[in-house]
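Please read this briefing beside the sequence and the coordinates.

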Amino acid sequence: MSKPISLISIFVLLNMGIGRMFQVSLGATCFSELTILAVTSFVFWTFSAQHIKVWAQNWEQKPFGKTLALQGGLGITATAMNILIGQVLVVFMMTVVFRCASPNFNLLHAGLTNNIAVNLFCYFALLFYFINKEHNQKIDTPIAPFSGKKIQIEVSRNSSRFLLIPEEIIYIETSNNCIVLHTKKGVFVKYQSLRSVEKMLGSKTFKRVHRSYLVNVDFMDCHQKNSNGDGILRLKNGDKIKFSRTYRKNLVEV
């Protein structure tokens, strides 16, 4: 957690510096207000870091455009909450505790633009830090020699870890630099190549039907071929996926 705290500290100090310059431009300084806002931001983002870590784990589960829009909305919401809490606390502390006027009671002053920008940068810095950390941790699982034990694949979702057995997996697809496992327990994302998981699961139960899809033969229902040899494979759970003529022989073997 030391790295996220360092990131948060950098953005808090940056915000203090910008706030200081804005106050100097007004001809008035209020270190008490800057200190209150800094402490509030530090506590808020430190608390929020665990939630951002969970959101980072779900980054690859949707198309990039939708994911970016969702994360942007979450970032704006978190920023607004932080600023609102900070401003309310400033008003309370300055009027009730210190009993003095603050030069920045107006919530719509020009310095608020910088405050919003810095907080958004802080959110996305934490988000991409956790995404990069997740990517580095979930590298390809080495293929161990057969030891007589049942194959299990470790996956995670919302900070919870699961062990999947092949019988629970319906099909697997590639998405950017990871794989998406569609299972009886739901959908899971794992940083692993489709080729390595194919070797681990074996070719008897799982068949490659497309360069992007690996399917459990027990869940195959029927397929429809197009004029060019490609087509659509219908699964018993109702999903439809593409198959290519290159791998059509795997469907015939089933």
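Of the 254 residues in the chain, 41% are buried, meaning under 20% relative accessible area with a 1.4 Å probe and protein chains only. This is a predicted model, in which local features need pLDDT of at least 70 and side-chain atom pairs count only at pLDDT 80 or more, while totals for chains, interfaces and linings use all residues. Residues are numbered from 1 along each chain as its sequence is written, and side-chain values use heavy atoms, with hydrogens and water left out.

**Overall make-up**
- The chain exposes about 14300 Å², of which carbon and sulfur atoms supply 60% (Shrake-Rupley method, 1.4 Å probe).
- Its secondary structure comes to six helices and 10 strands, taken as DSSP runs (H or I of at least four residues, E of at least two) numbered from the N terminus.

**Five-strand sheet**
- Five strands form an open sheet in the order E5-E4-E3-E7-E6 with antiparallel pairing, where a pair requires at least two DSSP bridges.
- Strands E5 (186–190) and E6 (206–210) are the edge strands, each pairing on one side only.
- E6 pairs with E7 (residues 213–216) in the antiparallel sense over four bridges, and His-210 stands opposite Tyr-213 in E7.

**Three-strand sheet**
- A further open sheet, also antiparallel, has the order E8-E9-E10.
- Strands E8 (220–225) and E10 (240–243) each have a single partner strand, so one side of each is left without a neighbour in the sheet.
- E9 (residues 231–235) pairs with E10 in the antiparallel sense over four bridges, and Ile-232 stands opposite Lys-242 in E10.

Terms used: Buried < 20%, exposed > 50% of the residue type's maximum accessible area, 1.4 Å probe, protein only.
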